[in-house]
Amino acid sequence: MEDILIKLENITFSYNSFPVLKNINFEVRVGDKVGLVGPNGAGKTTLLYIITGFLRPQKGKIIILGKERKKEKDFIEVRQKIGLLFQDSDSQLFCPTVKEDIAFGPLNLGKSKEEVLKIVQNISDLFNIHHLLERPIYKLSGGEKKLVALAGIFAMNPICYLLDEPSAGLDEKTKFKLIEFLKNYVKNCVIVSHDKEFLKEIANKTYYLEKDKFYKIL
Amino acid sequence: MHLEVFAEGNSFLHKLDPRIKILSLTVFAILCAISKGLLVPFLYLLFSLSLILIANLNLKELTNRIFSANFFILFMWLFLPFTYQSNPYIHLGFLKISLKGIKYALSITLKCNAIILATIALLATSTIFDIAHAMLHFKIPTKLVTVFFLFYRYITVMHEEYIKIKRAVLARGFNPKTNIFTYKTYAYILGALLLKSFERSEEVYKAMLCRGFKGFFPLLDHFKMEKKDIIFGIFICLIFILIFLFN
């Protein structure tokens, strides 16, 4: 297995004529827990969307899991192996009930019904969300939504996690649980966050992204 | 999604008072729709084309729209020539194609395209907000105008919600195939779209209420009717009537 999971080479991206990323080089190796900080609108979420293939850079190479990814087809595998937690959980959850939402990912991976049910059980044990399983998504609170969204990604057992502001809007207790979870169960991840304490606990590398600037600070 | 591509521009038609544009388009649409034969609709089409030239619009975007609109007219061509009960017929194997049916379909095609082009040249060159504003000046009920404006505004919102859900689905490795799971997923996407749009509209409504919304949008800018607007209105309506009387 390759040592480098994600590698971006000279990525340049602009929305119409509005430049966001300029000649970015970025990599995630096995064991990396990368923190990504920077002001609003610096392009942090854009960077995650480029890795998952939702946005195509105007210039540069995307190499994920040892293969260069160019077309929509190449990214299907990427999305199955790299889990993206959206900034807004509302845009991530779309199934009628919590249970179905957690099951959606594993079903896409081609798992059988029994396997999927078992995964859902294990995950609800781990996240302590048994009481939520049958509830409709739109009746959850903000914090519950975040938890369910994370559970939905964890169910796919991705190689690497891309987490877009995972700690935003969580209370102290839930945040603590999240930190414990990320420490114990997540080996490789990229975390976009404004929460310095949170990053200090988890990240072993930190990058700073701002207009035209991109460098490692820790 | 950017819907008001044509409203960005600086031509004579862009600067015209929207009220005049709505009035002249109404005259045009009625006269064009009730005109007979092939020649008059053809002249109307030529006139609409010249309006488009004056408006100086993005041609690529324009052909896109014309193309999708004509897709519906295509159905007329599939049925009219074969079902019109009139002589003379052209025999094509077991099919009978009526010449009058073809003429009829052609006339409808010409009229439709003339009206579509005129609508783009006259109405799409104003922003929807200006159009809604102009509608208020014509004493169209405030509620109706507000509904029209919000309806339009929410097309973009719905589209944004759709893109978000699509990303969520793809992010978890969805790969559409011909099976029940795929259809079920599409149904979920549709259901979620409906629920989310509803939720979002409720939220926006609350935000509007917090800022003192009383059922209509207060206006900030007002139109100024100038001499050139009135002259254009009279001139263009005269041409419409002349073409109509040409037959």
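Start by selecting residues 98–108 of chain A, which form helix 3, together with residues 142–154 of chain A, which form helix 5. Keep in mind that you're looking at a predicted model. These two helices pack with their axes 7 Å apart, at an angle of about 30 degrees. Angles under 35 degrees count as roughly parallel, so helix 3 of chain A and helix 5 of chain A are roughly parallel to each other. Turn the view a bit: helix 3 of chain A passes helix 5 of chain A in a right-handed crossing.

Now show the side chains where they meet. Helix 3 of chain A brings Val98(A), Asp101(A), Ile102(A), Phe104(A) and Gly105(A), while helix 5 of chain A brings Val148(A), Ala151(A), Gly152(A) and Ile153(A). Colour the residues of this contact by class and you get 6 nonpolar, 2 polar and 1 charged.

Next, zoom out to the whole of chain A. You can count 7 helices and 10 strands there. How compact is chain A? Its radius of gyration is 17 Å, close to the 17 Å that the globule rule gives for 218 residues, so chain A is as compact as a globular protein of that length. Of those 218 residues, 45% are buried.

Notes. Residues are numbered from 1 along each chain as its sequence is written. Chains are lettered from A and ligands numbered from 1 in the order in which they are written. This is a predicted model: local features need pLDDT of at least 70, side-chain atom pairs count only at pLDDT 80 or more; totals for chains, interfaces and linings use all residues. Axes are lines fitted to C-alpha atoms, for helices over the stretch in contact, and angles run from 0 to 180 degrees between N-to-C directions. Helices (H or I, at least four residues) and strands (E, at least two) are DSSP runs, numbered from the N terminus. Angles under 35 degrees count as roughly parallel, over 145 as roughly antiparallel, 65 to 115 as roughly perpendicular and the rest as oblique. A crossing is left-handed if the near helix is turned anticlockwise from the far one by less than a right angle, and right-handed if clockwise. Two residues are in contact if their C-beta atoms, placed from the backbone, lie within 7 Å. Ala, Val, Leu, Ile, Met, Phe, Trp, Tyr, Cys and Pro count as nonpolar, Asp, Glu, Lys and Arg as charged, and the others, Gly among them, as polar. The radius of gyration is taken over C-alpha atoms; the globule rule is 2.2 Å times the number of residues to the power 0.38. A residue is buried if 20 or more other C-beta atoms lie within 10 Å of its own, exposed if 12 or fewer, and partly exposed in between; C-beta atoms are placed from the backbone.
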